[in-house]
Amino acid sequence: MRLYSRSFTVKLVVICCLFTVALTTVVVKTLDRKSQNAGSDTENISDFVQTEAQIGSSDSGNELSLELNPSTVIPVSNSSLYTQDELQNINVYQLCNEAVVNINTKVVAYDWFLDPYVQDGGSGSGSIIDKRGYVLTNVHVIQDASKIYVSLFDGTQYEAEVIGQDLDSDLAIIKFSPPSGIELKTISFGESKNLVVGQKVIAIGNPFGMERTMTTGIVSGLGRPIQNSNKRIIRDMIQTDTAINPGNSGGPLLNTQGQMIGINTMIMSNSGSSSGVGFAVPSETAKRVVADLIKYGKVQRGTIDASIVQLNSRIAQYAGLDISSGILISEVTKGGNAEKAGLRGGTKAVYYGNRSSIIYIGGDVITKIDDITISSLADYYSALESKKPGEVVSVVVRRNKQNYSLNIKLSE
């Protein structure tokens with residue numbers, strides 16, 4: 001058994017106390033340093049979001065001459081309690097949610113005695129893109145509506161009118177008149193051409209009537225050609241796994257700077273609810289369409305001056321053609337751009353569609369427009385969707401079992 005003197009015991013106690021104090025000091029300093037770094041990172045994220053949002057707002061506003069709010073990041077209290085990703089989501093929601101509206105419609109129906117009556121129509125979402133009350137949404141949200149009502153974040157409701165709509169892009173502009181002294185929140189356009197697969201995106205809308213619901217996801221695919229409910233093919237659609245459900249149509253798909261890079265339009269689902277495959281019209285298409293809708297009430301597109309028919313196997317067999325898909329030129333307008341370019345119409349009249357109309361066979365068949373394969377009317381209209389009057393398109397036609405290339409200057 002080992003014995004220790006009193007002086008040795010005192011020295012041992014003093015040494016232990018000093019070691020404990022030193023260790024505590026080191027731990028406190030380390031924790032304080034980590035806390036300061038976390039705060040610095042949060043501030044940097046906020047600065048980055050604010051700068052990028054302001055740049056996008058300025059560019060988009062000038063291009064479309066829209067009256068927009070400045071895009072800024074709203075400070076979040078107790079920000080140290082959230083991760084950087086959560087702070088990003090919170091900032092986007094606080095910045096944009098008040099600019100997302102709920103759209104409800106009334107439609108005219110008929111009873112058994114063919115007497116008209118008004119009933120509830122569909123509902124959807126929309127984005128305020130101008131402080132004067134312009135709202136961007138989908139055509140199918142307001143289609144066949146006799147009355148359109150816009151509900152804001154504070155519960156106030158206003159009746160809106162249709163400014164213009166475009167079936168080829170499924171986009172529409174409606175407008176309501178806010179009371180004097182009320183400054184509306186707006187959402188600015190971003191650049192969809194810079195998107196990459198895997199990039200984070202955010203949707204805000206009114207699924208199943210639950211107002212200003214936010215969901216997050218990523219860009220799952222780009223450049224998707226999708227046929228919408230109006231049987232028009234919309235090219236370059238954005239595919240996303242962000243949850244989009246009935247009621248989200250017309251709402252914004254946002255980047256992490258709070259800019260609208262797409263307009264949520266449709267989902268691919270067997271159940272009618274989100275299955276992780278949603279599609280949005282890209283902002284590049286929307287900016288071009290919106291500018292025309294506000295200015296003209298319709299989109300100014302170039303056309304080919306000809307009467308056309310979608311080719312099918314029955315027509316092809318009867319006409320002795322060696323192809324069964326494409327657009328058959330029935331007639332060309334006298335003195336029009338098609339005739340001037342050398343496009344040929346048919347020469348033999350035949351009944352078409354249960355003898356309800358007459359078409360002419362023997363003419364050219366359009367198979368390509370600007371390297372886009374044309375198999376149907378949907379392809380034809382989609383290829384011309386972004387073309388303006390006066391632009392020249394390259395057209396490939398099938399004539400006498402040979403291909404010919406023509407350059408046609410589009411008319412209004």
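**Reading a predicted model, feature by feature**

Trainee: Let's start with a single residue. Is Tyr 380 buried or exposed?

Mentor: Buried is the word for a residue with under 20% relative accessible area. Tyr 380 has 4% relative accessibility, so Tyr 380 counts as buried. Do keep in mind that this is a predicted model.

Trainee: And what about Tyr 381, with its relative accessible area of 36%?

Mentor: Residues between the buried and exposed cut-offs, 20% and 50%, are called partly exposed. Tyr 381 belongs there, because its relative accessible area is 36%.

Trainee: How do I read a pair of aromatic rings?

Mentor: Look at two things: the distance of the centres and the angle of the planes. Ring centres within 6.5 Å make a pair, and planes under 30 degrees apart make it stacked, while over 60 makes it edge-to-face. By this rule the model has two aromatic pairs. In one of them, Tyr 158 and Phe 176 have ring centres 5.4 Å apart and planes at 20°, so they are stacked.

Trainee: Which parts of the chain does the pair of Tyr 158 and Phe 176 tie together?

Mentor: Tyr 158 is in strand 5 (residues 157-166), and Phe 176 is in the loop between strand 6 (171-175) and strand 7, so the pair links parts 18 residues apart in sequence. Both Tyr 158 and Phe 176 are buried.

Trainee: Which charged residue lies over the face of Tyr 404?

Mentor: That is Arg 399, at 5.0 Å from the ring centre. Likewise, Lys 175 lies over the face of Tyr 134, at 5.6 Å from the ring centre.

Trainee: Now the strands. How many strands make up the closed barrel?

Mentor: Follow the order of neighbours: six strands run 7-8-9-12-11-10, with antiparallel pairing. From one strand to the next, the twist averages 50°. Strand 7 (residues 200-205) and strand 8 (residues 213-227), for example, pair over six bridges, and Val 201 stands opposite Gly 217 in strand 8.

Trainee: Which strands does helix 2 touch?

Mentor: Helix 2 (residues 84-96) packs on the sheet and touches strand 7, strand 8 and strand 10 (252-254), with its direction at about 40° to that of strand 7. Buried residues in helix 2 include Leu 87, Val 92 and Leu 95. Helix 7 (residues 377-384) lies across strand 8 and strand 9 (233-240), at about 80° to strand 9.

Key. Residues are numbered from 1 along each chain as its sequence is written. This is a predicted model: local features need pLDDT of at least 70, side-chain atom pairs count only at pLDDT 80 or more; totals for chains, interfaces and linings use all residues. Side-chain values use heavy atoms; hydrogens and water are left out. Two strands pair if DSSP finds at least two bridges between them. Helices (H or I, at least four residues) and strands (E, at least two) are DSSP runs, numbered from the N terminus. Axes are lines fitted to C-alpha atoms, for helices over the stretch in contact, and angles run from 0 to 180 degrees between N-to-C directions. Contact means heavy atoms within 4.5 Å. Rings of Phe, Tyr and Trp (its six-membered ring) pair if their centres lie within 6.5 Å; planes under 30 degrees apart count as stacked, over 60 as edge-to-face and the rest as tilted. Buried means under 20% relative accessible area, exposed over 50%, partly exposed in between (1.4 Å probe, protein chains only). A charge sits over a ring if NZ of Lys or CZ of Arg is within 6 Å of the ring centre and within 35 degrees of the ring normal.
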